[in-house]
Amino acid sequence: MSILEIIGGILIVIGSLFLFLGALGIYRMPDVFNRLQAGTKATTLGAMSLILGVGFLMPGWILKILIIIIFIAYSNPISSHALARAMHLRKRFMYFKNEEIDAYKEIDENNKQVK
Amino acid sequence: MNYIIYFSLSIMILGLILSAIRFIKGPTAGDRTVALDTMTIIGVSGIVLTSYLFNRYIYLDVALVYGVLGFIGVIVIARYLEKAL
Amino acid sequence: MIYLILTFILLLLMIGAAIYAIWQKDLLYAVIASGIISLLLSIMFVLLQAPDVALTEAAIGVALTTIIFIIAIRNTVRFEDEHDKKIKKEKQLKSAEQ
């Protein structure tokens with residue numbers, strides 16, 4: 001076993017564990033926004049680590065693998081942001097000890113005062 | 001090395017099952033869309049691992065197309081949910 | 001052996017999503033379920049060593065089908081029962097006028 005295979009195997013195991021933890025967060029979290037957090041951040045890190053691990057195992061494939069990593073790194077936060085904005089505009093607030101917290105509204109009011 | 005690949009594939013399919021359970025249980029449309037997003041990313045990773053397992057370079061194209069086009073469906077559903085499409 | 005079990009689980013998930021899409025009254029959820037069916041079908045095509053079919057399925061099933069269905073739902077109604085209720089109400093109005 002060369003050193004590249006060892007690094008690739010470790011990266012693949014870390015990536016698959018992070019993918020599983022993201023899915024577990026989607027199953028366990030109480031709210032839409034918490035689920036978005038667990039399902040986007042952990043999953044992005046896991047997918048990037050796993051695909052880079054395959055790039056370490058196969059050094060000839062590294063160009064296309066870097067292109068896939070760049071596309072995941074820009075497409076995943078865009079969809080998460082659009083979904084969070086839609087959920088906020090539909091009046092679903094964060095779950096916090098039976099209270100409703102709307103931090104985005106305060107920022108919005110401050111911006112209106114500035115204008 | 002093949003044992004590591006099979007371990008990763010099985011743990012990712014476990015994550016796929018958890019996302020499917022959230023898709024069936026989820027109370028609002030947002031939860032179901034989040035489950036679809038997560039399943040898309042896990043599917044892209046699974047296709048890349050499969051391409052290493054079969055040792056075929058051409059299978060990476062499928063993962064590339066999914067990475068490029070996978071977020072369009074989520075964005076369209078989100079724009080419909082905020083009544084702005 | 002592990003490979004066979006994983007393929008079997010993928011097929012079961014696909015059949016479950018298809019049954020959910022038929023059974024659900026809310027059409028938006030059915031569209032999301034059809035997206036999941038397309039994703040799992042593309043993975044199955046890759047596992048069956050047909051990458052060109054998987055490429056076409058990914059491009060058509062994820063982007064085009066979802067966009068066209070969402071535009072159709074926006075121009076009509078979201079729930080299945082709403083259309084029947086609307087028709088029934090119009091009939092009642094007509095009978096009341098006569």
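How many residues does the contact take from chain A, and how many from chain B? The points below begin with that matter; the model under review is predicted.

1. The contact between these two chains takes 42 residues from chain A and 39 residues from chain B. On the side of chain A that touches chain B, the elements giving two or more residues are α1 (3–28), α2 (32–57) and α3 (62–89) of chain A. The largest share comes from α3(A), with 15 residues. By class, this side of chain A has 27 nonpolar, 9 polar and 6 charged residues.

2. The second contact takes 26 residues from chain C and 32 residues from chain B. On the side of chain C that touches chain B, α1 (2–23), α2 (27–47) and α3 (51–75) of chain C each give two or more residues. Here α3(C) gives the most, with 11 residues. This side of chain C divides into 22 nonpolar, 3 polar and 1 charged residues.

3. Which pair of chains shares the most contacts? Of the 2 pairs of chains in contact, it is chains A and B. Chain A and chain C, by comparison, are joined by no contact, and their closest C-alpha atoms lie 14 Å apart.

4. In soluble globular proteins, nonpolar side chains tend to be buried together. In this model the largest nonpolar core has 72 residues. Those with the most contacts inside this core are A:Leu83, B:Ile47, B:Val48, B:Val62, B:Ala63 and C:Ile36. Leaving aside residues up to four places away in sequence, A:Leu83 touches A:Leu36 in its own chain, and B:Gly30, B:Thr33, B:Val34, B:Val74 and B:Ala78 in chain B.

5. Chain A contains 4 helices and 2 strands. From the N terminus on, its elements run α-α-α-β-β-α. Of its 115 residues, 37% are buried. Among contacts in chain A between residues at least 6 apart in sequence, 64% join residues at least 24 apart.

6. Chain C has 4 helices and 0 strands, in the order α-α-α-α along the sequence. Its radius of gyration is 19 Å, whereas a compact globule of 98 residues would have one near 13 Å. The C-alpha trace of chain C spans about 70 × 25 × 15 Å along its principal axes. Buried residues account for 22% of the 98 residues in chain C. Of its contacts with a separation of 6 or more, 51% are between residues 24 or more positions apart.

7. Why does the span of α2(A) agree with expectation? The helix has 26 residues and should span 38 Å at 1.5 Å a residue; its end C-alpha atoms are 37 Å apart, so the two values agree.

8. A bend of about 35° occurs in α3(B) at B:Gly67. Just after α3(B), B:Lys83 takes a positive phi of about 55°.

Terms used
Residues are numbered from 1 along each chain as its sequence is written. Chains are lettered from A and ligands numbered from 1 in the order in which they are written. This is a predicted model: local features need pLDDT of at least 70, side-chain atom pairs count only at pLDDT 80 or more; totals for chains, interfaces and linings use all residues. Two residues are in contact if their C-beta atoms, placed from the backbone, lie within 7 Å. Ala, Val, Leu, Ile, Met, Phe, Trp, Tyr, Cys and Pro count as nonpolar, Asp, Glu, Lys and Arg as charged, and the others, Gly among them, as polar. The bend at a residue is the angle between axes fitted to the seven residues ending there and the seven starting there. A nonpolar core is a set of buried Ala, Val, Leu, Ile, Met, Phe, Trp, Tyr and Cys residues joined through C-beta atoms within 7 Å. A residue is buried if 20 or more other C-beta atoms lie within 10 Å of its own, exposed if 12 or fewer, and partly exposed in between; C-beta atoms are placed from the backbone. The expected span of a helix is 1.5 Å times one less than its number of residues. The radius of gyration is taken over C-alpha atoms; the globule rule is 2.2 Å times the number of residues to the power 0.38.
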